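Look at the structure first, then read on.

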Amino acid sequence: MSTPAYLNALRAFEAAARHQSFSAAAAELNVTPAAVGQQVRNLESWLGIALFTRAASGGARLVLTDAARAALPDIREGFERLGLGLARLKDAGVHAELTITVSPAFASKWLLPRIERFQQAYPDLNVLLDTNSRSVDFQAERIDVGVRYGSGSWPGLSAVRLMDEVIFPVCSPNYPLLKSGRLPADALSRCTLIHDLSMAHYGDYPTWRMWLDASGFNHVKSDHGLRINNSAAVLQAAMEGQGLALARSVMVKGDLNTGHLIRPFADKGLDCPLTQAYYVVYRPENGELPKVQAFRDWLLTEAG
């Protein structure tokens with residue numbers, strides 16, 4: 001029996017090895033766990049060796065044998081090359097698709113107001129936008145390209161720096177404590193502070209406490225206010241006059257341009273630079289695809 005006849009079994013083995021679970025592999029492949037297990041057993045029978053040891057307990061119920069661990073990188077590379085070849089064939093058709101993953105807030109505040117220009121430039125390319133707060137598995141979920149916020153290092157992905165940003169306070173132009181569009185320093189302690197928790201997992205992400213201390217407002221308390229885990233919702237709350245938000249410059253640019261939000265301390269230049277940035281990310285082998293190159297270059301032009 002030749003190797004191509006066992007492609008489905010190899011796919012089941014690769015997914016089970018990656019997830020260390022027949023059940024998780026089955027969910028990815030849209031089959032039953034029993035079917036995955038049978039495919040792996042058929043492959044083991046054909047090869048004449050064991051691929052997994054089945055642990056009776058512990059976090060990982062499937063443990064790769066030494067032989068399986070040694071062969072796995074080549075098998076994964078083979079599937080990646082097959083996927084790239086199929087993508088090239090699909091892109092040659094009349095219904096080529098580009099699957100993009102971004103966070104809901106980035107989609108709402110930055111990408112969606114601009115995406116029509118990309119579609120006008122590439123009218124034969126069907127865009128599928130996956131807005132997800134979690135970091136998706138590009139291989140398992142067949143993602144072509146995405147934009148991520150962070151340090152620029154993600155296993156298995158190439159990253160091209162797209163945009164830096166700073167944070168600063170914003171509020172509605174009708175916020176009641178304003179005087180001539182500016183917030184008096186003595187009024188800050190009476191403001192409702194809106195906290196953005198979307199990046200709270202980054203230990204060095206600036207908080208209201210950090211901004212207040214850096215800006216000379218050490219006496220103002222920061223443990224009160226409204227806490228929201230979505231940057232777009234933070235800005236919406238500020239637009240509705242619910243308080244003072246610590247805004248991310250990339251997210252808030254459009255609302256500042258339209259006048260929906262203002263910078264009450266703009267004359268004092270109180271900005272906090274962030275160590276994280278936005279990156280265009282994709283699997284290294286997908287970087288050769290014309291559609292990925294086109295979207296990456298378009299993003300860099302838009303950001304510039």
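Q: What radius of gyration does the protein have, beside that of a compact globule of 304 residues?
A: This is a predicted model. A compact globule of 304 residues would have a radius of gyration near 19 Å. The protein instead has 25 Å.

Q: Are helices H5 and H9 parallel, perpendicular or oblique to each other?
A: H5 covers residues 104–111, and H9 covers residues 249–258. Their axes come within 8 Å and cross at roughly 40 degrees. Angles under 35 degrees count as roughly parallel, and 65 to 115 as roughly perpendicular. H5 and H9 are therefore oblique.

Q: Is the crossing of H5 and H9 left-handed or right-handed?
A: Handedness describes how H5 passes H9. This crossing is left-handed.

Q: Which residues in H9 do those in H5 meet?
A: On the H5 side are Ala105, Phe106, Lys109 and Trp110. By class, the contact has five nonpolar, two charged and no polar residues. The partners in H9 are Val250, Met251 and Asp255.

Q: How much of the protein counts as buried?
A: Buried means under 20% relative accessible area. Of the 304 residues, the share that counts as buried is 43%.

Notes. Residues are numbered from 1 along each chain as its sequence is written. This is a predicted model: local features need pLDDT of at least 70, side-chain atom pairs count only at pLDDT 80 or more; totals for chains, interfaces and linings use all residues. Side-chain values use heavy atoms; hydrogens and water are left out. Axes are lines fitted to C-alpha atoms, for helices over the stretch in contact, and angles run from 0 to 180 degrees between N-to-C directions. Helices (H or I, at least four residues) and strands (E, at least two) are DSSP runs, numbered from the N terminus. Angles under 35 degrees count as roughly parallel, over 145 as roughly antiparallel, 65 to 115 as roughly perpendicular and the rest as oblique. A crossing is left-handed if the near helix is turned anticlockwise from the far one by less than a right angle, and right-handed if clockwise. Contact means heavy atoms within 4.5 Å. Ala, Val, Leu, Ile, Met, Phe, Trp, Tyr, Cys and Pro count as nonpolar, Asp, Glu, Lys and Arg as charged, and the others, Gly among them, as polar. The radius of gyration is taken over C-alpha atoms; the globule rule is 2.2 Å times the number of residues to the power 0.38. Buried means under 20% relative accessible area, exposed over 50%, partly exposed in between (1.4 Å probe, protein chains only).
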